[in-house]
Amino acid sequence: MKYVLIGRGKMGSLIRETAQAAGDEIQAAFDINDIDRLGRLGKVADVVIDFSRPGALPELASYVRRTGTPLLSGTTGFSPDEFRQLESLGTAAPILWSANYSLGVAVLVRALKEVSGVLKPDFDIELTETHHNQKEDAPSGTAKLLIEAMDPEHALRPVYGREGNTGKRTKQEIGVHALRGGTVAGTHSVHFFGPDEELELTHRAASRQIFVNGALHMARLLPGKPNGLYDLQKILFGDKA
């Protein structure tokens, strides 16, 4: 496989090392500081892999539309308008976006879709996410992914942390709490609190390597797919939505 890599941070560097160790080729690599050079690049790769920042999206979108190269994105922190721009690229190429490329998280999302509908009428839901002290966005993209899995109709109101006299908790809210510190790769816990019982589902990432392995696995599945926007659920489980 041949890749164009967007992002030279920790994830980008690990993707480069892992891909090259597997015999894949990195045809070009850019980050937010030289992303304008992408405009002079032709179609040289099977997939563009983007683990950068939302600011790279305009140049990246222009490249995908011009060359039709499939895009795998793990960038988080998009505004609603930016994410709509990303979605619209599905008219030009197959686009895969996920906030988390761990297979375990994909299964957690699937499980939450199944159990939350049963528990929501009587259980309170709280979500905590923990990441390293260099992470810039909060809550994490994975946390948002889990919330969407539990509440696709957006019937619950997210409450981000609590302070002061906020009044009693209502059934119409979902608590979201972000912790930052050290070198934690990522921990996400969903708590369902019911009468006299609690169900907790937790995923812990020991290192970034699990995300890299998952991303490269999915990148190999992307070429040849029809144009459109995909997520891990759609590819792994055949979801239509």
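The structure is a predicted model, in which local features need pLDDT of at least 70, side-chain atom pairs count only at pLDDT 80 or more, and totals for chains, interfaces and linings use all residues. Residues are numbered from 1 along each chain as its sequence is written, and side-chain values use heavy atoms, with hydrogens and water left out.

I begin with the pockets. On a 1 Å grid over the protein atoms alone, a pocket is an open set of points where a 1.4 Å probe fits, with protein on both sides within 12 Å along at least five of seven lines, and lining residues have an atom within 4 Å of a point. A volume is the space filled by probe spheres set on the points.

The largest pocket holds about 1200 Å³ of space. It is lined by 42 residues, and Phe83, Trp97, Lys144, Leu145 and Glu148 are the closest to its centre. Elements giving two or more residues to this lining include helix H3 (80–88), helix H4 (103–119) and helix H5 (141–150); helices (H or I, at least four residues) and strands (E, at least two) are DSSP runs. The largest share, seven residues, comes from H5. By class, the lining has 20 nonpolar, eleven polar and eleven charged residues, where Asp, Glu, Lys and Arg count as charged, and Gly is among the polar.

The second largest pocket has a volume of about 1000 Å³. Of its 35 lining residues, Met11, Ser52, Thr76, His132 and Lys135 lie nearest the centre. Here H1 gives the largest share, three residues. This lining divides into nine nonpolar, 18 polar and eight charged residues.

I turn now to the aromatic rings. The structure holds two aromatic pairs; rings of Phe, Tyr and Trp (its six-membered ring) pair if their centres lie within 6.5 Å, with planes under 30 degrees apart counted as stacked, over 60 as edge-to-face and the rest as tilted. How are Phe83 and Trp97 arranged? Their ring centres are 5.0 Å apart and their planes stand at 80°, so the pair is edge-to-face. Phe83 lies in helix H3 and Trp97 in strand S5 (residues 94–97), 14 residues apart.

Phe83 is partly exposed, at 23% relative accessible area, whereas Trp97 is buried, at 16%; buried means under 20%, exposed over 50%, and partly exposed in between (1.4 Å probe, protein chains only).

Finally, the charged end of Lys234 sits over the ring of Tyr230, 5.6 Å from its centre; this requires NZ of Lys or CZ of Arg within 6 Å of the ring centre and within 35 degrees of the ring normal.
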